[in-house]
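Trainee: I am new to this structure and would be grateful for a close look at one part of it. Could you please take me through the sheet and the helices that accompany it?

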Amino acid sequence: MPMGHTAPPPATGGLTATEHRLANGLRVVLSEDHLTPVAAVCLWYDVGSRHEAEGRTGLAHLFEHLMFQGSAQVHGNGHFEMVQGAGGSLNGTTSFERTNYFETMPTHELELALWLEADRMGSLLSALDQESLDNQRDVVKNERRQRYDNVPYGTAFERLVSMVFPKGHPYHHTPIGSMADLDAASLEDAREFFRTYYAPGNAVLAIVGDIDPEQTLAWVEKYFGSIPAHEAKLPPRDGSLPPVLGAEQRRTLHEEVPSRALMSAYRLPPDGTREADAADVALTVLGGGESSRLYRRLVRRDRKAVAVGFGMLRLAGAPSLGWMDVKTSGDAEIAEIDAAVDEELARFAEEGPTPEEMERAQAQLEREWLDRLATVGGRADELCRFAVLFGDPQLALSAVHRVLDVTAEEARAVAAERLRPENRAALVYEPSGPAGEETDESVEHEEAGQ
């Protein structure tokens, strides 16, 4: 996907990255940094919930858990035990567009991390049986209960995603998956999913930190080079949509929550475009922290809210999401929140940001970018991200320049086009008992199901 424009990158403290590819298709990115004696290993697989078939949702996230349950030479919880026993840290995450696994190790234990990742990439199927599948399926179902179903506002993101992305769209469901689909997944479903997506040619391995590149590449070749290539993966389904929903979709939920809340999602330009960077700047001005317009209006001036946030979930294969979250104070009515939000968005669409707001928003986004690149783990993750989603890890080292290049007019224009009521999916939470009534106030319109 094109990144919109190119420009000389800002200073990155001399950070560089080199790229390599094994014969089996594995892409390898190395970045030296000898400031501290640690090394980060980050492995991104190009598989997320957007690759799942209807009726088999949640497999990408389930595999994130199964990858820690043993492989040919590492049994049970051994991956965690060996990394932590060597003084390292580790984890894995799943999103719509990728699954990643990562370790940060003392430099002298880098070989261990590479061996562990290669062992499960090459041999997990030999250890995957019905018992481990059932065990981790129960873990994921419990995670869903704890993080989604049994916490205040827990299903808001899932509901809004399903409103913004219509049924049948690859992003309609979130990575956690459904209880019914998790129950329906068979051992053969899991094995076929692994064979298809956990192949060397579908992965990027980034190694960042206090490394010797020649030795590191030798280890990568030694442990990953013998894993057979496998090219069964199909491209993900088309995630494109009209830029605007067409009419507001709104649902009111009566649940056991601490306070009234308004949560909204807007379709925004896909990641990798200049318009997406402009949207990021606009949302930072409007809702990025306590100096933002919506915070100053709703919390400080009107005192109708106790918390306000408006941020961006960047997505490369579909429209990105603009996510607004307002928790009310006292007896404030949602109608008052609606009116104030619409007024501020309309004013921004008409006038755009001030020079001071632009400077503050771009400085905030630059600081966030620098924070990500400041740690070896964060830098490895960014290199993987740009390699998997945009084909070029080098873009990670200059990403902030594209944000700093955005003009006030571009920020205003994308807000005028996208931050409108007819491009909004909204959830209203009304405190009540645990019964959980839901009222659907969606406006029917021709484009809503596209």
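Mentor: The account below begins with the sheet, turns to the helices, and ends with a pair of cysteines. Please bear in mind throughout that this is a predicted model.

The sheet is open and consists of 6 strands, arranged in the order β1-β2-β6-β3-β5-β4, with mixed pairing. At its edges are β1, residues 18-21, and β4, residues 89-94, each of which pairs on one side only. From one strand to the next, the twist averages 15°. As a general point, the strands of a sheet pair through backbone hydrogen bonds, in either a parallel or an antiparallel manner.

One pairing may be examined in detail. Strand β3, residues 38-45, and strand β6, residues 203-209, are joined over 7 bridges in the antiparallel sense. Within this pairing, L43 stands opposite L205 of β6. Helix α13, residues 376-390, packs on the sheet and touches β2 (27-32), β3, β5 and β6. The direction of α13 makes about 25° with that of β3.

Another helix, α3, spans residues 110-127 and lies across β3, β5 (99-106) and β6. Relative to β5, helix α3 runs at about 155°. Helix α3 also has a helical partner: α2, residues 78-85, packs with α3 at an angle of about 170°, and their axes are 10 Å apart. Angles over 145 degrees count as roughly antiparallel, and α2 and α3 are therefore roughly antiparallel to each other. On the α2 side of this contact are H79, M82 and V83, which meet L112, W115, L116, E117 and R120 of α3.

Finally, let us consider the cysteines C42 and C384. Residue C42 is counted as buried because its relative accessibility is 2%, and C384 is likewise buried, with a relative accessible area of 0%. A disulfide requires cysteine sulfur atoms within 2.5 Å. Seen from the other residue, the closest cysteine sulfur to that of C384 is in C42, again 3.8 Å away and too far for a bond. The structure as a whole holds 0 disulfides.

Key:
Residues are numbered from 1 along each chain as its sequence is written. This is a predicted model: local features need pLDDT of at least 70, side-chain atom pairs count only at pLDDT 80 or more; totals for chains, interfaces and linings use all residues. Side-chain values use heavy atoms; hydrogens and water are left out. Two strands pair if DSSP finds at least two bridges between them. Helices (H or I, at least four residues) and strands (E, at least two) are DSSP runs, numbered from the N terminus. Axes are lines fitted to C-alpha atoms, for helices over the stretch in contact, and angles run from 0 to 180 degrees between N-to-C directions. Contact means heavy atoms within 4.5 Å. Angles under 35 degrees count as roughly parallel, over 145 as roughly antiparallel, 65 to 115 as roughly perpendicular and the rest as oblique. Buried means under 20% relative accessible area, exposed over 50%, partly exposed in between (1.4 Å probe, protein chains only).
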